[in-house]
Amino acid sequence: MEIREFVTKIENRLVPVRVHGSIEKFHENEGFRSGRHSILYDDFPLDIQFKHRRSKALIVVFHAAKSGDITLPWFSGRGLVGKLNASRLSISDPSLYIDSDLNVGWHAGNCLQPHLQDDLIRIVRRIYEYTGASKLLFLGASAGGFASLLCSYHFKGSTAVVMNPQTSIGEYFQPSVDAYTRIAWKKASLEEIPNHVVHNLLPLYREGTPNKIVYFQNQNDGHHVVKHMTPFLEVVDPNKLTLVKGDWGDGHIAPPKNLLLRHMVDLI
């Protein structure tokens, strides 16, 4: 399949879309236009949005769980990253296309895209090389924080900026985990999905911390403090970690945008 191009409306703006017939076709590109790129796995899409700027930094954004007012594809980070002098690559989790009842997939793949985690690393590497940037940041909250920590691990010297992240999918709320394994993988439990799929970051980071991490955690989000942050702090290299804790409200509340921006400005 040849690369096709058309125009669609996203976030009330007309943007170009380039459709690539496969991951291989995507990597064969010598140049990447700003806009939406749709990469097909046997006609099942992986959608990304790329905004190229003349900058020494590239920020890769993974979104969190989808709420009722979100439409797919979902490209988060435009408002925040748009305030920074950086190129942006936003990635929409393709597993959410499978069924409207599925609202979170951790960018960890599905039965139609079983090697999605590895493919995302390859895509980020290709775009990073294309931009010529010298700084690579990964940005994500909650489920997007999990994907950011995983992807950043594979780029030595990169920085993961995460907000109330999950560090183990299995320690998230059981109904959401069950829905993901049942809908995305057609399996009865997380233990039945392919062994190569990373669903727990602790064994990975126990082997070392090749990247840097800025970890924002709301102290009033008890589940994520106990089940995700505390175990992660036991394995990560403290010299590579900046921990920012705060009182931002009850529950799974992100840090104020001005606080997040202050830290990110220093990183780029």
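1. In this note a residue is called buried when its relative accessible area is under 20%, exposed when that area is over 50%, and partly exposed in between, with a 1.4 Å probe and protein chains only. By that criterion Ser 142 is buried, with a relative accessible area of 6%. Ser 142 sits in the loop between strand 7 and helix 4, and its phi is near 55 degrees, a positive value in a residue other than glycine. Helices (H or I, at least four residues) and strands (E, at least two) are DSSP runs, numbered from the N terminus.

2. The model is a predicted one, in which local features need pLDDT of at least 70 and side-chain atom pairs count only at pLDDT 80 or more, while totals for chains, interfaces and linings use all residues. Residues are numbered from 1 along each chain as its sequence is written, and side-chain values use heavy atoms, with hydrogens and water left out.

3. Phe 50 belongs to strand 4 and is buried, with a relative accessible area of 2%; the C-alpha atoms of Phe 50 and Arg 33, 17 residues apart along the chain, are separated by 7.5 Å.

4. Pairing of strands is taken to require at least two bridges found by DSSP between them. Strand 3 (residues 35-41) runs antiparallel to strand 4 and is joined to it by 7 bridges, and the two form a hairpin with 2 residues between them, where Asp 42 in the turn has a positive phi of about 50 degrees. Strand 4 is also joined to strand 6 (residues 87-91) by 4 bridges, again in an antiparallel arrangement. Ile 48 of strand 4 is the bridge partner of His 37, and Ile 48 also stands opposite Ile 91 in strand 6.

5. What volume does the largest pocket have? The value is about 570 Å³, and of the 25 residues that line this pocket, the closest to its centre are Ser 76, Ala 141, Met 163, Ala 254 and Lys 257. On a 1 Å grid over the protein atoms alone, a pocket is an open set of points with protein on both sides within 12 Å along at least five of seven lines, whereas a cavity is a set of points where a 1.4 Å probe fits but cannot get out; lining residues have an atom within 4 Å of a point. Grid points are joined across faces, edges and corners, and a volume is the space filled by probe spheres set on the points. Strand 5 (57-62), helix 2 (78-81), strand 7 (135-141) and helix 8 (257-267) each supply at least two residues of the pocket lining.

6. A search of the whole structure finds 1 cavity of 30 Å³ or more, and the largest cavity has a volume of about 70 Å³. Among the residues lining the largest cavity are Phe 62, Trp 106, Gln 117 and Cys 151. Helix 4 contributes the largest share of that lining, 4 residues. Trp 106 lies in the loop between strand 6 and helix 3, counts as buried at 1% relative accessibility, and has a positive phi of about 60 degrees although it is not a glycine.

7. Two helices can be checked against their expected span, which is 1.5 Å times one less than the number of residues. For helix 3, 16 residues should span 22 Å, and its end C-alpha atoms are 22 Å apart, which agrees; just after helix 3, Gly 132 takes a positive phi of about 70 degrees. For helix 7 (residues 222-233), 12 residues should span 16 Å, and the end C-alpha atoms are 15 Å apart, which agrees. The buried residues of helix 7 are His 224, Val 225, His 228, Met 229 and Phe 232. They cover an arc of only 130 degrees around the axis, which puts them on the same side of helix 7, the arc being that of the directions from the helix axis to the C-beta atoms.

8. Most residues other than glycine have a negative phi, and most peptide bonds are trans. The bond from Leu 72 to Pro 73 is cis, with omega near -5 degrees, and Pro 73 lies in the loop between strand 5 and helix 2.
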